[in-house]
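Trainee: Could we go through this one together? I'd like to start with how contacts are counted.
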Amino acid sequence: MKLLAGLGAWAIAFVARLGASFLFLLRALSGAARALPRFSLVIEQLYAIGVLTMLIIIVSGLFVGMVLGLQGYYQLVNFSAESSLGLMVALFLVRELGPVLGALLFAGRAGSALTAEIGLMKATEQLAAMEMMAVDPMARVIGPRFIAGLIALPLLAAMLSAVGVLGGYLIGHGQFGVDAGVYWSSMQNGVDWVDDVLNGVIKSVVFGFVITWVALFEGYDAPPTAEGVSRATTRTVVTSSLAVLGGDYILTALMFGGL
Amino acid sequence: MRTKSIEIWVGIFIILGLAALTLLAVQVSNAGGGSGDTFRVHANFDNVGGLNEKAPVMIGGVRVGRVGGITIDKENYGAVVAMDIDTRYDNLPIDTGAAILTAGLLGAQFVGLQPGAEDIFLGDGDHLEPGLTQSAIQLETLIGQFMSSLGQGDGGDAQ
């Protein structure tokens, strides 16, 4: 009986939280619409979310591309198909690794920071103080961060893919001597602008939306204690990473499943 | 001064992001060339083998277009390949032939065109002459023929 009640309580709490997060999303979107005219606020957030994440994205993109170049070459050379190295590296990066790995890094680097920031703002009653001054925190705090997250992740994912392709070139051409023309032309023949690149961009827009939503909601919903904020930060990373990986499966099935 | 440097950094960020997208568009994918104006030419084949949509269409190894679609002709059940050819190659004679070739032994299949000698050029929506198309060579059929011809010959060679 106790077990049943526990399960029921958990389910009710889960659904209530889901509903609360959706209501929060609606308010955040209206806040984002009102924040748009004051674009300097968005620029401030783009610095915190985008520029500060850029370094980790570029460095990891370079290494991921180099690893793809190494592993791809070791396998492809068995079939003397190393001329397809460029195509393989590019498709991996543009379709999957760029959006997904970019999103995971973004969740760890920017999402957690967002949650901690909003959670602390709430804990120190800054949000309540804003409401006292008739400043809507949705338009002043949440909205600009939401827009910045939506803009930043697609750009970061594109950077990761582009740097990764260059990293693969560095290894493929520099170390193994795959012909430069073959590397790029196999890529250009096999990668489609709409099917591959644009679908990857759409993926990263969706991921940016999900991660920012989760991060802001967790921060806004965090219990105003040190422990509450720390738990909310952890939950942001876990939830948004899972959402990205699960969502990636669904998006991939929809985009590349021949529909 | 602080806001100024933030704005500069965000500007750099946006420019780098857009530059990465441009690189993906121009250098990595095919948006740079080939997606310009094209005209469509149809060719009938008995068998297209493993030809895919978007496979290249080449003349003498140079890409002039790509396969836009593969359908079945409802009257004679042959395959119809629609090819989108760049308009800068609009001087293909009407007796141009087409063959489905393979890049390397096991590589991807593509359409090779052999320009004819007529003075009249192909236009949008034209069909190539059916007698001038050559279907894909299927490796398994070839091996089958080879095996049966070995079997018919003197038994010593088959071993």
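Mentor: Two residues are in contact if their C-beta atoms, placed from the backbone, lie within 7 Å. Bear in mind, too, that this is a predicted model.

Trainee: With that in hand, which residues is Leu156(A) in contact with, leaving aside its neighbours within four places in sequence?

Mentor: Those partners are Gly50(A), Thr53(A), Met54(A), Ile57(A), Gly102(A) and Phe106(A). Leu156(A) is also, together with Leu46(A), Met159(A) and Leu216(A), among the residues with the most contacts inside the largest nonpolar core, which has 79 residues.

Trainee: Switching to α3(A): where does its kink lie?

Mentor: The kink, of about 50 degrees, is at Leu97(A), shortly before the proline Pro99(A). Of the 39 residues of α3(A), 29 are buried, so this helix is largely enclosed by the rest of the structure. After the helix comes Glu125(A), whose phi is positive, near 60 degrees.

Trainee: What about the contact between the chains, how many residues does each one give?

Mentor: Chain A gives 24 residues and chain B gives 21 residues. On the side of chain A that touches chain B, the largest share, seven residues, comes from α2(A), and by class that side has 17 nonpolar, four polar and three charged residues.

Key. Residues are numbered from 1 along each chain as its sequence is written. Chains are lettered from A and ligands numbered from 1 in the order in which they are written. This is a predicted model: local features need pLDDT of at least 70, side-chain atom pairs count only at pLDDT 80 or more; totals for chains, interfaces and linings use all residues. A nonpolar core is a set of buried Ala, Val, Leu, Ile, Met, Phe, Trp, Tyr and Cys residues joined through C-beta atoms within 7 Å. A residue is buried if 20 or more other C-beta atoms lie within 10 Å of its own, exposed if 12 or fewer, and partly exposed in between; C-beta atoms are placed from the backbone. The bend at a residue is the angle between axes fitted to the seven residues ending there and the seven starting there. Helices (H or I, at least four residues) and strands (E, at least two) are DSSP runs, numbered from the N terminus. Ala, Val, Leu, Ile, Met, Phe, Trp, Tyr, Cys and Pro count as nonpolar, Asp, Glu, Lys and Arg as charged, and the others, Gly among them, as polar.
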